[in-house]
Amino acid sequence: MQEHGTWRSSYGLEDHNIFNANDVYWNLPVPVLYEEAVRRREGLIARMGPLVVRTGHHTGRSPNDKFIVREPSSQDHIWWGDVNRPFDPDRFDRIHAQALAYLQRRDVFVQDCFAGADPQYRLPVRIITEYAWQSLFVRNMFLTPQPEQYADFVPEFTVIDTPRFHANPNTDGTNSEAYIIVHFGKKLVIIGGTSYAGEIKKSVFTILNYLLPLKRVLSMHCSANVSESGDVALFFGLSGTGKTTLSADPHRRLIGDDEHGWSDRGIFNFEGGCYAKVIRLSAEAEPEIYQTTRRFGTILENVVVDPETRQIDLDDDRFTENTRGSYPITHVPNIVPSGMAGHPTHIVFLTADAFGVMPPIAKLTPQQTMYHFLAGYTAKVAGTERGIIEPQATFSTCFGAPFMALHPTVYTRLLGEKIEKHQVKCWLVNTGWTGGPYGVGHRMKIAYTRAMVHAALNGDLDDVGFEPDPIFGVHVPTSCPNVPTEVLKPRNTWSDKTAYDQQARRLAHMFAENFRQFEDMVAEDVRAAGPRTD
């Protein structure tokens, strides 16, 4: 075994029972990882410097292939069910041993990093990969130690990612050849059979979603930014609903684009980078994200590139709708370098409503906030998960059910306590369809959404009138600067009002049906805060 890299830890691969590896590359910096990725034909350098890679037939997360080992230290805390599927400890040990054997005589890339900008809650993580480009992804997405911290770095959790090692479902107990298995007792995640780098990112998020709430820190699937005066805003939503787009605001500083914690000290980013959808990005609509696709250090996943001119085409979806850009947060011009800020002033829930009946912006009472946080209504956007080829209405509790290891009421109680303590204003914003459902109507114009969000955060809606939506009960402003009045009430945008009423009632009943699972766990005023079904 030959080791490369200046920054090596005394806690070596043998401490992970990895022996007889070929070349081991420790904490390589970005330019060297570029060289290794190109030398190994893992990707190519496009015009202006981004590294373009393909992830094979896994171009999104594989939620049906994710498991949590049922073991004594964590089993009483886990929210078992369709999201967190239990996995047998003996089968985990067998797959783990096979993956370690697979790494013998192979090159290995190691990145030691931190998850969590707040030093009080920072998690040391080691991520071991067989691809150089995935090591670059890790370096982009997580927080890099100072040079003097590497020698004594000891990971609290380890992720071993071997995309070319496939499981055998018949003998290994997995759902397919791909697997993402978390073992909280051994503080270990093993990933195989998929090259989609988002599995690494979301595995670490799952770990934090387990650890932090047990310390009374709320872990959140949200982006965050802050005004010059210090007003913090959080944007909750699943991938494709606008978290990254709306938080990248030239008038506000970005704290982070996807994952945050909320402690007694305030908000802190979990990551050191961004992982944005880049399909059909335009310089006009999303300038800050667009310019990152032309930067050295950015990884573009499954983006079409001309092999001769190396010009990228962000409009081409031949490989997937879920084209992605991974880049360090420093590629964005207006950021909070520390990744930390005070307590939120505003919370925005983002939903991409495929039915086209939710108002484009509405103010929520505290009870409605709790209800909609538990409901987590949105639409899964094409390409984000395998098998999704068009938006589908779904309910993803806490706006991030696939990553929530604990019961949703744990996160909801923490959120309610913090909202009450800090008197946070809460909003529901529909970035989905208007004028009709998917296939009939059209997506809400991003310019309108930006104008509505700006108005809410800047206080421009404080003095306007509000009217309760007759079905959903949320409070809709009667006017908003730079937004046509008719847009604010979705029924006005439909040519067939009867069809609107039918769709709205249909969605209301879907809310009620979904919420039955929580009815016995929340107060009566929260249960009553949902849509009307009479």
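Visitor: What makes up the protein chain in terms of helices and strands?
Guide: The protein chain holds 13 helices and 31 strands, where helices (H or I, at least four residues) and strands (E, at least two) are DSSP runs numbered from the N terminus. This is a predicted model, in which local features need pLDDT of at least 70, side-chain atom pairs count only at pLDDT 80 or more, and totals for chains, interfaces and linings use all residues. Residues are numbered from 1 along each chain as its sequence is written, and side-chain values use heavy atoms, with hydrogens and water left out.

Visitor: Why does Gln-368 count as buried?
Guide: Buried means under 20% relative accessible area, exposed over 50%, and partly exposed in between (1.4 Å probe, protein chains only); Gln-368 has 6% relative accessibility, and therefore counts as buried. This residue is found in helix α8, which spans residues 366-375.

Visitor: Which residues does Gln-368 touch, not counting residues up to four places away in sequence?
Guide: With contact meaning heavy atoms within 4.5 Å, Gln-368 touches Lys-363, Gly-473, Val-474, His-475 and Ala-529.

Visitor: How do you know that the radius of gyration agrees with a compact globule?
Guide: The radius is taken over C-alpha atoms, and the globule rule is 2.2 Å times the number of residues to the power 0.38. For 534 residues a compact globule would have a radius near 24 Å, and because the protein chain has 23 Å, the two agree.

Visitor: What share of the residues in the protein chain is buried?
Guide: Buried residues make up 61% of the 534 residues.
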